2 protein chains.
Amino acid sequence: MDTISRIETSLALAFTRAQAPSGPPLLAAAMRHAVFPGGARVRARLCLAVAYACGDDEPAAADAAAGAIELLHCASLVHDDLPCFDDAATRRGKPSVHAAFGAPLAVLAGDALIVLAFQSLAWGTVGSPMRLGPLLLTIAQSVGMPNGIVAGQAWESEPRADLSVYQRAKTGALFSAATVAGAAAAGADPQPWRRLGDALGEAYQVADDLLDAVSTAAECDKPVGRDTALDRPSAVRAYGIDGALSLLTSLAKDAADSIPECPGAAPLRQLIAQEAHRLVPKSLSHAAA
Amino acid sequence: MDTISRIETSLALAFTRAQAPSGPPLLAAAMRHAVFPGGARVRARLCLAVAYACGDDEPAAADAAAGAIELLHCASLVHDDLPCFDDAATRRGKPSVHAAFGAPLAVLAGDALIVLAFQSLAWGTVGSPMRLGPLLLTIAQSVGMPNGIVAGQAWESEPRADLSVYQRAKTGALFSAATVAGAAAAGADPQPWRRLGDALGEAYQVADDLLDAVSTAAECDKPVGRDTALDRPSAVRAYGIDGALSLLTSLAKDAADSIPECPGAAPLRQLIAQEAHRLVPKSLSHAAA
């Protein structure tokens with residue numbers, strides 16, 4: 001099965017296991033709305049690519065880790081879009097969860113997706129129970145306090161925030177978890193894989209800042225220009241467009257260079273090259289060529 | 001160490017592990033505000049009481065399970081108090097988290113407490129890793145879809161809700177998890193303990209409905225009269241005050257009768273008798289005498 005099919009199957013399985021006619025139907029619909037159809041599933045693909053590079057001896061554990069990371073990412077988007085944060089009316093070209101179902105069900109859908117992510121880890125490691133603890137700790141650390149994505153979002157409510165600390169938590173943490181969990185799911189030493197996730201996480205945040213600054217709404221899957229409107233730290237505000245573009249190129253090279261020698265190194269480098277190309281906003285692609 | 005000391009120590013340890021100077025300080029403060037000082041910690045006490053009755057051969061696992069259940073309960077209170085739900089200004093005699101820190105940090109504090117609960121389970125089962133999966137699944141099921149406390153809260157957003165399904169999810173689920181997880185943490189067969197949690201969960205929900213209907217704000221730790229104001233299903237609205245009071249008495253007896261014969265049965269029955277007394281609103285205690 002190819003990577004995208006594995007991810008979609010893992011997510012579908014999680015929903016099948018967690019939903020039943022006895023549950024509240026609108027919450028079930030709101031959760032599905034948040035997850036299907038997905039975006040690029042890039043964190044989950046990264047997790048599976050690293051598991052593959054490490055031998056992938058427990059595919060159920062790797063699929064569960066990838067699915068859990070994607071569910072947590074979707075949960076964070078649902079909560080970030082709430083009226084009390086970005087108040088985003090659209091996401092991935094359709095109404096955001098709160099726009100479609102109201103803020104109460106959006107809060108609860110995010111909560112339930114977080115829970116479902118951890119349940120998925122337990123279901124996926126029934127055949128390899130000794131891997132559950134390390135996977136749970138790696139993934140939970142990338143979401144919670146003090147340096148996970150929830151902490152990253154919280155820096156927007158602090159009177160002062162350091163740009164790199166904020167971005168590392170808000171975006172980088174889940175990318176780092178993707179590579180570390182991919183290796184851990186396959187029973188490999190995760191440490192050599194951390195730098196890959198760190199560099200890609202930084203690259204994605206810079207790309208997101210660029211997209212927010214220069215894109216039209218048609219090119220972006222959410223409202224644009226919000227970093228300035230919300231007085232939010234951003235690489236473009238800190239370094240300018242050209243500086244942010246150089247940083248993005250340099251981070252993509254760092255990421256590719258960090259990949260340890262292993263049988264799956266070549267397809268992984270190819271994935272990163274594709275992503276680096278995809279990340280540059282179309283209106284700037286001549287500058288990065 | 002007595003039960004309450006074990007719970008407070010378990011919660012303090014979770015915060016110590018998850019917090020660091022590198023994290024956002026307001027989110028850290030909001031999370032502490034939600035958990036300390038606590039309420040009666042009744043779910044956590046129930047969990048430890050059952051673990052004790054079952055031999056408590058892995059106290060670290062039992063403490064972690066009790067702490068996780070309490071963290072999840074606190075997270076649910078933080079989100080239930082949000083402006084888009086109950087819009088409660090106070091909780092446990094002080095400002096609610098959103099009143100003290102704003103809605104964005106209240107959303108994030110709830111999220112981070114959910115994550116912390118699952119991290120605590122992993123930390124507490126390092127010495128008994130085979131117990132992590134069953135504990136995680138038991139506790140996650142009581143929070144998520146389709147029948148956990150998040151699903152329970154979501155029934156308030158549905159056009160139709162069955163009172164018993166709503167109450168079983170909203171309140172009962174975490175009580176049932178407390179007894180089942182207490183037994184699982186001690187390596188015992190959890191099934192004989194489920195009825196105890198189910199009956200106590202129902203009793204607490206009926207008591208909460210009574211409190212909402214008849215108490216003054218001074219007697220209650222949150223605003224009163226909200227079930228009617230929010231057109232919410234309630235045992236008092238369904239059966240009247242006397243009917244709800246009879247139901248409460250009968251459920252407390254069911255709970256006590258369900259306790260399997262074991263060395264810790266006597267202190268557990270005592271705990272339930274105390275709680276049954278404490279649950280009746282003071283203004284009604286003559287009627288229940």
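Author: A nonpolar core is a set of buried Ala, Val, Leu, Ile, Met, Phe, Trp, Tyr and Cys residues joined through C-beta atoms within 7 Å. The structure above is a predicted model, and the residues in its largest nonpolar core number 210.

Reader: Which residues touch the most other members of that core?

Author: Ala65(A) and Ala65(B) do.

Reader: And what is Ala65(A) in contact with, leaving aside its neighbours within four places in sequence?

Author: Its contacts are Cys47(A), Leu121(A), Leu135(A), Ile139(A), Ala181(A), Gly182(A) and Ala185(A). As a general remark, nonpolar side chains in soluble globular proteins tend to be buried together.

Reader: Now the two chains. What rotation superposes chain B on chain A?

Author: A rotation of 180 degrees does so, with 0.0 Å of shift along its axis and an RMSD of 0.0 Å. This is the relation of a two-fold axis. The same surface serves both copies, since 100% of the contact residues of chain B recur in chain A.

Reader: Which residue of chain B comes closest to the rotation axis?

Author: Asp111(B) does, with its C-alpha at 3.3 Å from the axis.

Reader: What about Met145(B): is it buried or exposed?

Author: Met145(B) counts as buried, because it has 29 C-beta neighbours inside 10 Å and the cut-off for a buried residue is 20 or more. Met145(B) is found in the loop between α7 and α8 of chain B.

Reader: Which residues is Met145(B) in contact with, again leaving aside neighbours within four places in sequence?

Author: In chain A, Met145(B) is in contact with Ala18(A), Gln19(A), Gly23(A), Leu27(A), Ala28(A), Met31(A), Ala112(A) and Leu116(A). In chain B, Met145(B) is in contact with Ala151(B).

Reader: And the peptide bond from Met145(B) to Pro146(B), is that cis or trans?

Author: That bond is cis, with omega near 0 degrees. Pro146(B) also lies in the loop between α7 and α8 of chain B.

Reader: What joins Phe36(A) and Pro37(A)?

Author: A cis peptide bond joins them, and its omega is about -15 degrees. Pro37(A) sits in the loop between α2 (25–35) and α3 (42–53) of chain A.

Reader: Staying with the backbone, what is the phi of Asp56(A), and what is that of Asp87(A)?

Author: Asp56(A) has a positive phi of about 45 degrees although it is not a glycine. Asp87(A), not a glycine either, has a positive phi of about 50 degrees.

Reader: Where are Asp56(A) and Asp87(A) found?

Author: Asp56(A) lies in the loop between α3 and α4 (59–80) of chain A. Asp87(A) is in the loop between α4 and β1 (90–91) of chain A.

Reader: Why does Asp56(A) count as buried, and why does Asp87(A) count as partly exposed?

Author: Asp56(A) has 20 C-beta neighbours inside 10 Å, and 20 or more is what a buried residue needs. Asp87(A) has 15 such neighbours and so counts as partly exposed.

Reader: On to helix packing. At what angle do α1(A) and α4(A) pack?

Author: Helix α1 (residues 3–18) of chain A and α4(A) pack at an angle of about 75 degrees, with their axes 9 Å apart. They are therefore roughly perpendicular to each other. The contact is made by Arg6(A), Ile7(A), Ser10(A), Leu11(A) and Ala14(A) of α1(A), together with Asp63(A), Ala64(A), Ala66(A), Gly67(A), Glu70(A) and Leu71(A) of α4(A). By class, the residues of this contact are 6 nonpolar, 2 polar and 3 charged.

Reader: At what angle do α12 and α13 of chain B cross?

Author: The axes of α12 (residues 235–258) and α13 (residues 265–279) of chain B cross at roughly 170 degrees and come within 10 Å. That makes α12(B) roughly antiparallel to α13(B).

Reader: Which residues make that contact?

Author: Leu248(B), Ala252(B), Ala255(B) and Ala256(B) of α12(B) and Arg269(B), Ile272(B), Ala276(B) and Leu279(B) of α13(B) make the contact. By class, the contact of α12(B) with α13(B) has 7 nonpolar, no polar and 1 charged residues.

Key
Residues numbered from 1 in each chain as written. Chains lettered and ligands numbered in written order. Predicted model: local features only at pLDDT ≥ 70, side-chain atom pairs only at ≥ 80, totals over all residues. Buried ≥ 20, exposed ≤ 12 C-beta atoms within 10 Å, placed from the backbone. Contact = placed C-beta atoms within 7 Å. Least-squares fit on C-alpha atoms with pLDDT ≥ 70 in both. Axes fitted to C-alpha atoms, helices over the stretch in contact; angles between N-to-C directions. Helix = DSSP H or I, 4+ residues; strand = E, 2+ residues; numbered from the N terminus. Parallel < 35°, antiparallel > 145°, perpendicular 65-115°, else oblique. Nonpolar A, V, L, I, M, F, W, Y, C, P; charged D, E, K, R; others polar.
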